[in-house]
Amino acid sequence: MPHANEPTFDAAAFGEQHITKGIGRLTKHVFEDGKGSYITTDKGVKLLDMTSGIGVCNLGHCHPKVSEAAAKQCMKITHAQVNIGFSAAQIALLRELIPILPHPSLDTVFLWNSGAEAVEAAVKLARAATKKQNIIVMQGSYHGRTCATAAMTRSKTIYGEGHGPLMPGIFATAFPFYAQFGLPADTPIDKLVEMSLFQLKLTLSQQTAPSDTAAIILEPVLGEGGYVPAPPAFLHGLRKICDEHGILLICDEVQSGFGRTGTMFAVEDSGVKPDVLIFAKGIANGFPLSGIASTNEIMSRQKPGTMGGTYAGNAVACAAAKAVIEVFREEKVLDNVAARSKQLFGFLNNLKNSGSKAGNLIQDVRGRGLMVGVQFQDADIIAQSQNEAARKKGGAGQIAPKVVQECVKRDMLLLSTSVFDVLRFIPPLTISEAEMQEACRIFGESLEAVAKEL
Ligand SMILES: Cc1ncc(COP(=O)(O)O)c(C=O)c1O
């Protein structure tokens, strides 16, 4: 593309004409090829990818071992339908997956395709298992864009706006993130945890009674809401409240899972046991696969036939996922996450403390592993989308989307996130030291270019 016989064909223009306007897009590039940390466009532009396709290609694009496993499976059986029989590819995957889940009690799994589907599966399970209906989500959460998950998403109104009525029975409570309380970045974590747990108690006494509440769901690192790790004390507090009231604790690790935060799952760090774990994205490095894990006892409370789906746990995606787990082991991927995380945090913190005009724009550098957020000083402007954020407001506009566009000009893909002024780094976990250095250089130059214009 363009083809020899149609040299003037413009794929981006075709896409703009024929793909739904409902999709927001960071760039107009047409991605044709991806290897490791780079994507190449139809025009031959090589882009350094600090998005990993939104936290999916954790092992880099087209990891040879993963692609080979998928290709082999394609020649064996592609569709081993799970409501008709067992899938050998799925069972082979589960034998590798179950031992690496964050708690030995999470030994029973349901596989689906997308993250949002898996969130819906968790909601169905929680309702069936507790015989209660309501779900408590976190302020700032992101769980997807389907009618149920858009109702559960509280990072931006855009995902549900104009599409109601969404699923009822959802209540939001506070997450320990200073910006959500309008407090300064140096507010002590203990204080934020205390305030958030207090708000949860209020939610349970003013909005949804414990006897009506099936589950509390959270992302152990708030993703779309601003890349904010949940402090361990908050997770322990949630666990205690759930235990007191017979409420299930669901961890949505769709974005934070599969090595992203330096452990296979982010919740591991706290030692808290979720009742239900949700995973997707990185599990199959680009093949659509998601799922939930819970205890055998909880999973047995659903009647046969209530779960399933034509493509649930597709055989090709399962073969890819099994290869992903092998690569994590063989290539010691988590060691690289630790080293590259140190490198990235080192660079960002040095820049923040440098006293330069660009560095002074940075308010906060946070995250874990290679799930790293940078928040800028501008607390006033709350945006619904990249485009709105980039628009001038009060003569300024948010900094993050401008930096993103400067990065794109320099052939690097980077995303902003949340209604606050935040950028997120989600590079492949296999990124090399030299590639990370290049990413830091491009980011530094881009921030400087934005600072000059302010
Ligand atoms: C934490 C979290 N949950 C759920 C989803 C939805 O996943 P999907 O886009 O695969 O439906 C996402 C997607 O970004 C996510 O980050």
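Which exposed residues sit on the face of helix 4 turned away from its buried side? I started my notes there, keeping in mind that this is a predicted model. I found Ile91 and Arg95 on that outward face of helix 4.

**Helix 4, the other side**

I then listed the buried residues of helix 4, which spans residues 88-97: Ala89, Gln90, Leu93, Leu94 and Leu97. Looking down the helix axis, I see these buried residues within an arc of 130°, so they line one face of helix 4. Next I checked what lies over them. The cover includes helix 3 (64-74), strand 4 (108-112) and helix 10 (315-330).

Setting aside neighbours within four places in sequence, I get contacts from Ala320 to Val66, Ala69, Ala70, Ala284, Asn285 and Phe287.

**The two domains**

Where does the chain divide? I have domain 1 as 11-62 + 332-453, and domain 2 as 76-330. Over C-alpha atoms, the centres of domain 1 and domain 2 are 25 Å apart. For the interface, I have 30 residues of domain 1 in contact with 29 residues of domain 2.

Which elements give two or more residues to the side of domain 1 that touches domain 2? My list reads helix 2 (52-55), helix 11 (333-352), strand 13 (362-368), strand 14 (371-376) and strand 17 (422-425). I sorted that side of domain 1 by class and got 14 nonpolar, 12 polar and four charged residues.

**The ligand**

Last entry: how many residues surround the ligand? I have 14, and the closest are Ser114, Gly115, Ala116, Val254 and Gln255. Helix 5 (residues 115-130) supplies the largest share of the shell around the ligand, three residues. By class, I put this shell down as six nonpolar, six polar and two charged residues.

Methods
Residues are numbered from 1 along each chain as its sequence is written. This is a predicted model: local features need pLDDT of at least 70, side-chain atom pairs count only at pLDDT 80 or more; totals for chains, interfaces and linings use all residues. A residue is buried if 20 or more other C-beta atoms lie within 10 Å of its own, exposed if 12 or fewer, and partly exposed in between; C-beta atoms are placed from the backbone. Helices (H or I, at least four residues) and strands (E, at least two) are DSSP runs, numbered from the N terminus. The arc is that of the directions from the helix axis to the C-beta atoms. Two residues are in contact if their C-beta atoms, placed from the backbone, lie within 7 Å. Domain bounds come from an automatic or database domain assignment. Ala, Val, Leu, Ile, Met, Phe, Trp, Tyr, Cys and Pro count as nonpolar, Asp, Glu, Lys and Arg as charged, and the others, Gly among them, as polar. A residue is near a molecule or strand if its C-beta atom, placed from the backbone, lies within 6 Å of it.
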